[in-house]
2 protein chains.
Amino acid sequence: MSDYPSILLEQAVNQMASLPGVGRRTALRLVLHLLRQSDPEVETFANAFLRLKKEVVYCKECHNISDTEICPICSSARRDHSTICVVENVQDVMSIENTGQYNGVYHVLGGVISPMEGIGPKDIEIDSLVERVAKGGIDEIILALPTTMEGDTTNFYIYRRLQNAQSSNPQIFESSNLKITQIARGVAVGNQLEYTDEITLGRSIVNRTDFNG
Amino acid sequence: MSDYPSILLEQAVNQMASLPGVGRRTALRLVLHLLRQSDPEVETFANAFLRLKKEVVYCKECHNISDTEICPICSSARRDHSTICVVENVQDVMSIENTGQYNGVYHVLGGVISPMEGIGPKDIEIDSLVERVAKGGIDEIILALPTTMEGDTTNFYIYRRLQNAQSSNPQIFESSNLKITQIARGVAVGNQLEYTDEITLGRSIVNRTDFNG
């Protein structure tokens with residue numbers, strides 16, 4: 001499949017095929033499906049992504065995607081604000097919320113440390129996590145990152161950063177007695193949280209263990 | 001996966017999941033991928049579909065997608081304009097072109113007759129095919145529709161329509177000696193042309209047989 005009968009068609013296929021996991025043949029099929037829809041339908045399709053990109057807000061507290069400056073979870077009085085669950089991304093927040101096993105708040109890193117992909121600690125929301133903890137009032141940090149090498153590296157890095165913060169600001173942490181835990185390794189090693197079944201994921205929140213750096 | 005943290009995100013996921021074969025979980029992954037791209041990249045993505053929908057042209061001769069009123073194949077002097085290959089869609093034109101076995105022109109029906117899906121002869125480009133043949137100068141019609149029940153029904157319907165046109169306008173057809181053929185049934189029964197390997201598809205063009213309604 002190479003010679004497209006139209007440059008406009010080829011450009012649309014190129015864009016669709018730029019999505020991860022979408023090959024050129026599938027992209028062509030999806031674009032021709034779109035082309036069979038009405039003008040308003042195609043406009044609604046395209047505008048949904050333009051609006052999301054232009055108007056999306058990240059919660060100032062937890063950095064999750066939100067429609068407001070502070071997301072509903074962070075602004076809820078019914079959530080336990082002394083427990084922060086550290087996750088890689090938005091999907092992980094949704095997955096944990098779906099288990100119904102967690103009532104604390106979140107901190108969305110937006111990635112994990114990955115030297116292979118050139119992602120360092122400064123590229124993800126670790127500084128803001130340390131600042132959040134340094135403000136006081138946090139009793140527990142639950143590390144709920146993927147059980148991969150990158151996740152483990154990030155867990156360890158966050159543990160060290162929090163230890164350093166504790167030793168340089170003992171007056172904050174003395175009163176709060178901060179506990180750092182990680183989700184139980186019921187989650188199969190090498191898996192993404194997003195694809196873990198709800199029972200396993202829920203249990204791994206309940207059976208979280210102390211983190212031994 | 002139900003409660004999205006943002007309505008904008010949910011709307012974008014709904015749109016992505018409206019594409020055939022894209023589930024909600026995959027849609028979320030694709031949307032979050034888009035969200036990580038730059039503003040201009042997302043604009044290029046969305047605009048490719050808007051432009052295609054607004055500016056797309058269908059060739060007045062063969063009804064294939066085109067950038068010009070008459071597509072490059074129909075306007076080429078090096079193609080044999082006395083042979084028309086009737087196909088279901090754009091992908092089929094691209095697949096046959098890729099075999100390098102065909103030098104005639106095409107007629108893109110834009111579908112096949114399917115009572116189950118409510119697609120009748122008037123919903124696809126059959127009238128325009130009969131008109132094209134009635135103008136004269138056509139020696140052969142190659143029926144290259146999918147080897148499905150719908151494809152066979154459409155083959156048979158086109159055959160009858162062309163026979164009727166011949167008997168009501170004998171003066172046109174007397175001189176031209178119109179032959180109606182179909183691609184050899186080397187294509188596995190039940191398959192779409194789009195997914196047939198090039199060798200089988202190429203051979204089926206070369207070994208086309210007379211159509212015996």
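In chain A of this predicted model, five strands form an open sheet in the order 4-3-5-6-7, and their pairing is mixed. Strands (E, at least two residues) and helices (H or I, at least four) are DSSP runs numbered from the N terminus, and two strands pair if DSSP finds at least two bridges between them. Strands of a sheet pair through backbone hydrogen bonds, either parallel or antiparallel. Because strand 4 (104–108) and strand 7 (209–210) of chain A stand at the edges with a single partner strand each, one side of each is left without a neighbour in the sheet. Strand 5 (residues 140–143) and strand 6 (residues 179–182) of chain A run parallel and are joined by four bridges, and the bridge partner of Glu140(A) in strand 6 is Lys179(A).

The contact between the chains takes 44 residues from chain A and 45 residues from chain B, where two residues are in contact if their C-beta atoms, placed from the backbone, lie within 7 Å. Helix 3 of chain A gives the most to the side of chain A that touches chain B, with 13 residues.

Chain A as a whole has nine helices and seven strands, and its C-alpha trace spans about 70 × 35 × 35 Å along its principal axes.

Residues are numbered from 1 along each chain as its sequence is written, while chains are lettered from A and ligands numbered from 1 in the order in which they are written. As this is a predicted model, local features need pLDDT of at least 70 and side-chain atom pairs count only at pLDDT 80 or more, whereas totals for chains, interfaces and linings use all residues.
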